[in-house]
Amino acid sequence: MVTLRKQYAVVRPVYSEDSLAEDHNKVYRQRKTIVDHMREYLTWDSKRAKNAAVSLLPVIGWMRTYRVREWLLGDVVSGISTGMVAIMQGLAFSLLASLPPSYGLYTAFFPMLTYFFLGTSRHISVGSFPVLSLMVGAVVTRLVPEVGPPANITGFENLTQDQQRVLVASSVTFLMGIFQLAMGIFQVGFIVVYLSDTLVSGFTTAAAIHILVSQLKFVLGLTVPGINGPLSVIYTLKEIFDQITSTNICDLVMSIVIMMVVFIVKELNEKYKAKLPVPIPIEVFMTVIACGVSYGFNFQTRYDVAVVGKMVSGYESPIAPNMEVFQESAVEAFPSAIVGFAVAFSVAKVYSIKHDYTIDGNQELIAFGVSNIFGASFRSFAASTALSRTAVQESSGGKTQIAGLISAMMAMIVTLALGFLLEPLPTSVLGALVIINLKGMLMQFREIPYLWMRDKPECVVWVGTCLGATLLGLDLGLAVGLGVELLTVVYRTQFPRCSVLANIPGTDLYKDHKDYMHISEIQGVKIFRIPSPIYFANIDFLRDKLVETVGFNPLRVLRKRNKALRKINKLLQKKEDAVTAKELFGATDESGMNMEEQDRSSDLPFRVNWRAELPVDVTVPRVDLHSLILDFSAVSFLDISALKGLKAVLKEFIRVDVEVYIVSCDVSILEKLHSCRFFDEEILTSMLFPSLHDAMLHVQDKSKDRGRGWVLAESRL
């Protein structure tokens, strides 16, 4: 089917950058200085103060437009549904943090209270997140191991092992909050852009492997000490297999049954989510059933099943963080702060796009920083969000963070009044719930073949991050992933895919000559496209690709020609083969030549047409190229080192009689070329053209006037 297309015709002069500047006045913008930016930042008025208040307390903005009749019922239903899930996840994820389960309820309550006022997302459910819980747990088990004495830290005196662990976890969370708050105040929310979706996917998959391995001891009913550091996964698996014959069959059977039931119901929830008003909270049902069965059959005494045990009733008084723990955990707290924010921001971004509102990365950093500091003061551990819990809050009708506030109230009710009902709950049930909720993260392995087929560097980032985080630990693994990711960026810019362009007949379009069957290439002209920034690391590569494209090395040709000039000079002096100056050239020019510095010994004052027939004894490489066009349309920046290299390359081509043109330069590139004195008596501003077609028309017009057949011309070299 032939598509009817509109046509257009433009009649205008062929412009170079110089002629365009002559015909059209350019506006030279004055750039703001640092002082101007500071003055603007420090200038306040009533309007700006109001905007700052709304920005710092986003709750003011959405509460003013809250639709009570339309949204309140949905928020209440969503809050109750999310609260039940948050309670179960809080209990389960506290095991990852190596803490008593009751402190997971603290994490489901305190951070949400401050995020309600400071957060910009209306849909994320703030609370425990398995990856963060595991990262905190690694510090806890390192400083307070299950077997052996704790670290020599002032403040551990007269504390039980659980109290020491709570102090470590709250101190790490407090420091993590300080990092997040500082980054928010200094407006560095952009840091999340360095954590690509591929890197986060590989990292969370590795975290899922760590979580799976850490929960096997609960599912199997084994006593395995917490191990952290490089190769901790392998050492933990070794300990588990050494004790595999001691598996508690009751724990194992109960865990398998619960995982099967939860898996089936979750699949049904996904399949019929359009028909179900809210997802079936199967984790809650299974927890209640497991508590009842465990209490009724006395699993703890009869089958030696480990249970949650004594739950903390009510809330304890605030505690101050431990400075020595700060010193011991700073290396782990910073990546935890980055990961917690990155996960929460990416989830919040998904739902903000879906519901058409904006979120502020810097304000989110402030919100999570304050939430973690406030929560840590009341013994909660690291808070972020979990995708599954947020999905429940949004899909069950939640419109604002009132749903999150109600879910926090649910956690408070359990903590104050109903906690004792959870005391007979087997820890293997919590481990099974943690493992079954890893399905989404573990299924990310399916991304490997997709990435390998479509973007191999991205696949390398995924695999490198996953392997690094799995084998070296989550903190070092994140650093490895960032390193691999930055290396792929360097690789893409250092070795760009350059191309030779040609004209599509009858148009002003120029495409890669390898991509089209019917395409027009003008003899003697090469159009070289550079699809990346030009900087110190890739200038040599670009020069090599350019030499490969044109088919000759201009510096080598220049040296051969200088040798040929000296030979011609000798022929003229000896008058061999009846060669005379009159036959070879017309007029002389006594002002000398401008050749490569290393070849200044030749003093023949004429320029030779090297494409014409030369004397028999004189041989030089033939150069059929007369014009080289460099397409800078994709060049975003040019540094000083690359500018010097580019200037040297252009001079090499100019000195072998190849006219060079640069087209489609960005304004910033043009300003850089002028400010760095790129142009001189050889490299002229007339080589710059605003478009590729302008340069091509100029070359075609100039080639019509090009002389043929002479050996020596009167122009200077």
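**Close-up views of a predicted model**

Figure 1. An open sheet of six strands runs in the order β4-β3-β5-β7-β8-β9, and its pairing is mixed. Its edge strands are β4 (510–512) and β9, each of which pairs on one side only. The model shown here and in the other views is predicted. In general, the strands of a sheet pair through backbone hydrogen bonds, in either a parallel or an antiparallel sense. Strand β3 (residues 499–503) pairs with β4 in the antiparallel sense, over three bridges. In this pairing, Leu 501 stands opposite Asp 512 of β4.

**Figure 2. Strand β7 and its two partners.** Strand β7 (residues 627–631) pairs in the parallel sense with strand β5 (residues 525–529), over five bridges. Here the bridge partner of Arg 529 is Asp 631 in β7. Five bridges also join β7 to strand β8 (residues 659–663), and these two strands run parallel. Leu 630 stands opposite Ile 662 in β8. Together, β7, α27 and β8 make a right-handed β-α-β unit.

Figure 3. Are the residues of β7 buried or exposed? Five of the five residues of this strand are buried, and the strand is mostly covered. Ser 627, Ile 629 and Asp 631 are buried on one side, while Leu 628 and Leu 630 are buried on the other. Both faces of β7 are therefore covered, where buried means under 20% relative accessible area.

**Figure 4. The largest cavity.** Rolling a probe the size of a water molecule over the atoms shows where empty space is left. A search of the whole structure finds five cavities of 30 Å³ or more. The largest cavity holds about 100 Å³ of space. Which helices each supply at least two residues of its lining? They are α24 (539–550) and α27 (640–654). The greatest contribution is that of α24, which gives four residues. The residues that line the largest cavity include Ile 539, Leu 542, Arg 543 and Leu 546, and also Leu 646, Val 649 and Leu 650. Leu 630, described above as buried in β7, is another residue of this lining. By class, the lining of the largest cavity has 10 nonpolar residues, no polar residues and one charged residue.

**Figure 5. The second largest pocket.** The second largest pocket contains about 1200 Å³ of space. Its lining is made up of 50 residues, and those nearest the centre of the pocket are Leu 95, Ser 98, Glu 146, Lys 217 and Phe 218. Several helices each supply at least two lining residues, among them α5, α9 (161–185), α10 (197–220) and α15. The largest share comes from α8, with seven residues. The lining of the second largest pocket divides into 24 nonpolar, 18 polar and eight charged residues.

**Figure 6. Helix α17 and its surroundings.** Within helix α17 (residues 387–395), the residues Arg 389, Thr 390, Val 392, Gln 393 and Glu 394 are buried. What do the buried residues of α17 pack against? They pack against α5 (68–96), β1 (126–127), α15 (323–354), β2 (384–385) and α18 (402–418). The helix is followed by Gly 397, whose phi is positive, near 110 degrees.

**Figure 7. Two residues with positive phi.** Most residues other than glycine have a negative phi. Asn 158 is a residue other than glycine with a positive phi, near 65 degrees. Asn 158 lies in the loop between α8 and α9. Because its relative accessibility is 83%, Asn 158 counts as exposed. Arg 677 is not a glycine either, yet its phi is positive, at about 55 degrees. Arg 677 is found in the loop between α28 and β9. Arg 677 is exposed, with a relative accessible area of 70%.

**Figure 8. The setting of Cys 676.** Cys 676 lies in the loop between α28 (667–675) and β9 (688–689). Its relative accessible area is 26%, so Cys 676 counts as partly exposed. Which residues are in contact with Cys 676, leaving aside its neighbours within four places in sequence? The contacts are with Ile 640 and Leu 643. Between Cys 676 and Lys 354 the separation is 322 residues in sequence and 48 Å in space, C-alpha to C-alpha.

Note on methods:
Residues are numbered from 1 along each chain as its sequence is written. This is a predicted model: local features need pLDDT of at least 70, side-chain atom pairs count only at pLDDT 80 or more; totals for chains, interfaces and linings use all residues. Side-chain values use heavy atoms; hydrogens and water are left out. Buried means under 20% relative accessible area, exposed over 50%, partly exposed in between (1.4 Å probe, protein chains only). Contact means heavy atoms within 4.5 Å. On a 1 Å grid over the protein atoms alone, a cavity is a set of points where a 1.4 Å probe fits but cannot get out, and a pocket is an open set with protein on both sides within 12 Å along at least five of seven lines; lining residues have an atom within 4 Å of a point. Grid points are joined across faces, edges and corners, and a volume is the space filled by probe spheres set on the points. Ala, Val, Leu, Ile, Met, Phe, Trp, Tyr, Cys and Pro count as nonpolar, Asp, Glu, Lys and Arg as charged, and the others, Gly among them, as polar. Two strands pair if DSSP finds at least two bridges between them. A crossover is right-handed if, with the strands pointing away from the viewer, the path from the first strand over the helix to the second runs clockwise.
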